[in-house]
Amino acid sequence: MNSKFAISYTVFPEHNKRIDTHHTGDPVEAETFLVQLLTSGARILAITHDGLPVEPHQFDHLLRVAVTRLVAELLSRSLHMDYAEVKHRFGFAS
(Lines give C-alpha, C1' and ligand atoms only; values in the text may rest on other atoms or scores of the structure.)
Protein backbone atom coordinates (compact mmCIF):
# COMPACT_ATOMS: atom_id res chain seq x y z
CA MET A 1 0.00 0.00 0.00
CA ASN A 2 1.29 3.43 -0.89
CA SER A 3 0.78 5.66 2.11
CA LYS A 4 -0.43 9.12 1.20
CA PHE A 5 -0.31 10.60 4.70
CA ALA A 6 2.54 10.43 7.19
CA ILE A 7 2.11 11.94 10.65
CA SER A 8 5.29 12.43 12.68
CA TYR A 9 4.82 12.71 16.42
CA THR A 10 6.45 12.28 19.82
CA VAL A 11 4.68 10.54 22.67
CA PHE A 12 5.30 12.11 26.11
CA PRO A 13 7.27 15.04 24.66
CA GLU A 14 8.45 16.14 28.12
CA HIS A 15 10.39 12.89 28.60
CA ASN A 16 10.82 11.33 25.17
CA LYS A 17 12.69 12.60 22.14
CA ARG A 18 11.98 9.61 19.87
CA ILE A 19 10.00 10.55 16.77
CA ASP A 20 7.50 8.03 15.45
CA THR A 21 5.62 8.21 12.16
CA HIS A 22 2.18 6.84 11.36
CA HIS A 23 1.54 6.07 7.66
CA THR A 24 -1.88 5.71 6.07
CA GLY A 25 -3.53 6.05 2.70
CA ASP A 26 -6.92 6.87 4.20
CA PRO A 27 -7.64 10.52 5.10
CA VAL A 28 -10.33 9.49 7.62
CA GLU A 29 -7.84 7.22 9.37
CA ALA A 30 -5.35 10.11 9.43
CA GLU A 31 -7.99 12.29 11.14
CA THR A 32 -8.80 9.50 13.61
CA PHE A 33 -5.12 9.12 14.43
CA LEU A 34 -4.84 12.88 14.99
CA VAL A 35 -7.77 12.64 17.45
CA GLN A 36 -5.86 9.94 19.34
CA LEU A 37 -2.71 12.06 19.40
CA LEU A 38 -4.63 15.09 20.67
CA THR A 39 -6.31 12.99 23.35
CA SER A 40 -3.02 11.57 24.58
CA GLY A 41 -1.17 14.89 24.60
CA ALA A 42 1.43 13.77 22.08
CA ARG A 43 3.40 16.40 20.19
CA ILE A 44 2.44 16.51 16.49
CA LEU A 45 5.59 17.44 14.59
CA ALA A 46 4.67 17.17 10.92
CA ILE A 47 2.04 15.95 8.49
CA THR A 48 3.06 15.05 4.96
CA HIS A 49 0.97 14.08 1.96
CA ASP A 50 2.61 12.11 -0.84
CA GLY A 51 5.99 12.81 0.76
CA LEU A 52 5.61 16.60 0.85
CA PRO A 53 4.74 18.68 3.91
CA VAL A 54 1.12 19.80 3.82
CA GLU A 55 0.48 23.51 3.43
CA PRO A 56 -0.14 25.40 6.70
CA HIS A 57 -3.86 25.82 5.92
CA GLN A 58 -4.17 22.08 5.19
CA PHE A 59 -2.37 21.27 8.44
CA ASP A 60 -4.74 23.57 10.32
CA HIS A 61 -7.77 22.06 8.56
CA LEU A 62 -6.78 18.49 9.48
CA LEU A 63 -6.32 19.50 13.10
CA ARG A 64 -9.57 21.48 13.14
CA VAL A 65 -11.47 18.42 11.89
CA ALA A 66 -9.80 16.24 14.53
CA VAL A 67 -10.55 18.75 17.30
CA THR A 68 -14.19 19.03 16.20
CA ARG A 69 -14.57 15.25 16.29
CA LEU A 70 -12.93 15.09 19.70
CA VAL A 71 -15.11 17.84 21.18
CA ALA A 72 -18.28 16.27 19.75
CA GLU A 73 -17.34 12.92 21.27
CA LEU A 74 -16.56 14.46 24.67
CA LEU A 75 -19.82 16.44 24.73
CA SER A 76 -21.82 13.42 23.64
CA ARG A 77 -20.32 11.24 26.34
CA SER A 78 -20.35 13.84 29.14
CA LEU A 79 -23.86 15.16 28.50
CA HIS A 80 -25.29 11.80 27.41
CA MET A 81 -26.47 13.17 24.04
CA ASP A 82 -26.50 11.64 20.62
CA TYR A 83 -24.31 13.25 17.96
CA ALA A 84 -27.29 14.86 16.21
CA GLU A 85 -28.21 16.75 19.37
CA VAL A 86 -24.57 17.78 19.94
CA LYS A 87 -24.45 19.14 16.41
CA HIS A 88 -27.78 20.95 16.82
CA ARG A 89 -26.95 22.51 20.20
CA PHE A 90 -23.23 23.17 19.87
CA GLY A 91 -22.45 22.99 16.16
CA PHE A 92 -19.88 20.20 16.51
CA ALA A 93 -20.36 17.25 14.18
CA SER A 94 -18.56 13.97 14.67
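View 1. Thr10 is found in strand S1, where strands (E, at least two residues) and helices (H or I, at least four residues) are DSSP runs numbered from the N terminus. This is a predicted model, in which local features need pLDDT of at least 70, side-chain atom pairs count only at pLDDT 80 or more, and totals for chains, interfaces and linings use all residues. Residues are numbered from 1 along each chain as its sequence is written, and side-chain values use heavy atoms, with hydrogens and water left out. At 6% relative accessibility, Thr10 counts as buried; buried means under 20% relative accessible area, exposed over 50%, and partly exposed in between, with a 1.4 Å probe and protein chains only. Apart from neighbours within four places in sequence, Thr10 is in contact with Asn16, Lys17, Arg18, Ile19, Ala42, Arg43 and Leu45, contact being heavy atoms within 4.5 Å. Arg43 in S3 also stands opposite Thr10.

View 2. Four strands form an open sheet in the order S2-S1-S3-S4, with antiparallel pairing. S2 and S4 are the edge strands, each pairing on one side only. Two strands pair if DSSP finds at least two bridges between them. Five bridges join S1 to the antiparallel strand S2 (residues 20–24). Across these two strands, Phe5 stands opposite Thr24 and Ile7 stands opposite His22. With strand S3 (residues 43–49), S1 pairs over six bridges, again in the antiparallel sense.

**View 3. The two faces of strand S1.** Strand S1 (residues 5–10) is mostly covered, as six of its six residues are buried. Phe5, Ile7 and Tyr9 point one way, while Ala6, Ser8 and Thr10 point the other way. In a regular strand the side chains alternate between the two faces of the sheet.

**View 4. Helix H2 and what covers it.** Helix H2 comprises residues 56–79. With 24 residues, H2 reaches 34 Å from its first C-alpha to its last, close to the 34 Å expected at 1.5 Å a residue; the expected span is 1.5 Å times one less than the number of residues. Leu62, Leu63, Ala66, Leu70, Ala72, Leu75 and Ser76 are buried in H2. The cover over the buried residues of H2 includes S1, helix H1 (27–40), S3 and helix H3 (83–90). After H2 comes His80, whose phi is positive, near 55 degrees.

**View 5. Glu31 of helix H1.** Glu31 lies in helix H1 and, at 17% relative accessibility, counts as buried. Beyond its neighbours within four places in sequence, Glu31 is in contact with Leu62, Val65, Ala66 and Arg69.

**View 6. Leu52 in strand S4.** Leu52 is found in strand S4 (residues 52–53). The residue Leu52 is exposed, with a relative accessible area of 57%. The C-alpha atoms of Leu52 and Leu63 are separated by 17 Å, the two residues being 11 residues apart along the chain.

**View 7. A nonpolar surface patch that includes Leu79.** Leu79, Phe90 and Phe92 form a nonpolar patch on the surface, with about 250 Å² of accessible area together. Accessible areas come from the Shrake-Rupley method with a 1.4 Å probe, and for residues only the protein chains shown count as cover. Patches are made of residues with over 30% relative accessible area and no salt bridge, like charges being joined within 9 Å and nonpolar side chains (Val, Leu, Ile, Met, Phe, Trp, Tyr) within 5 Å. A salt bridge is a side-chain nitrogen of Lys or Arg within 4 Å of a carboxyl oxygen of Asp or Glu. Leu79 is found in helix H2 and is partly exposed, with a relative accessible area of 43%.
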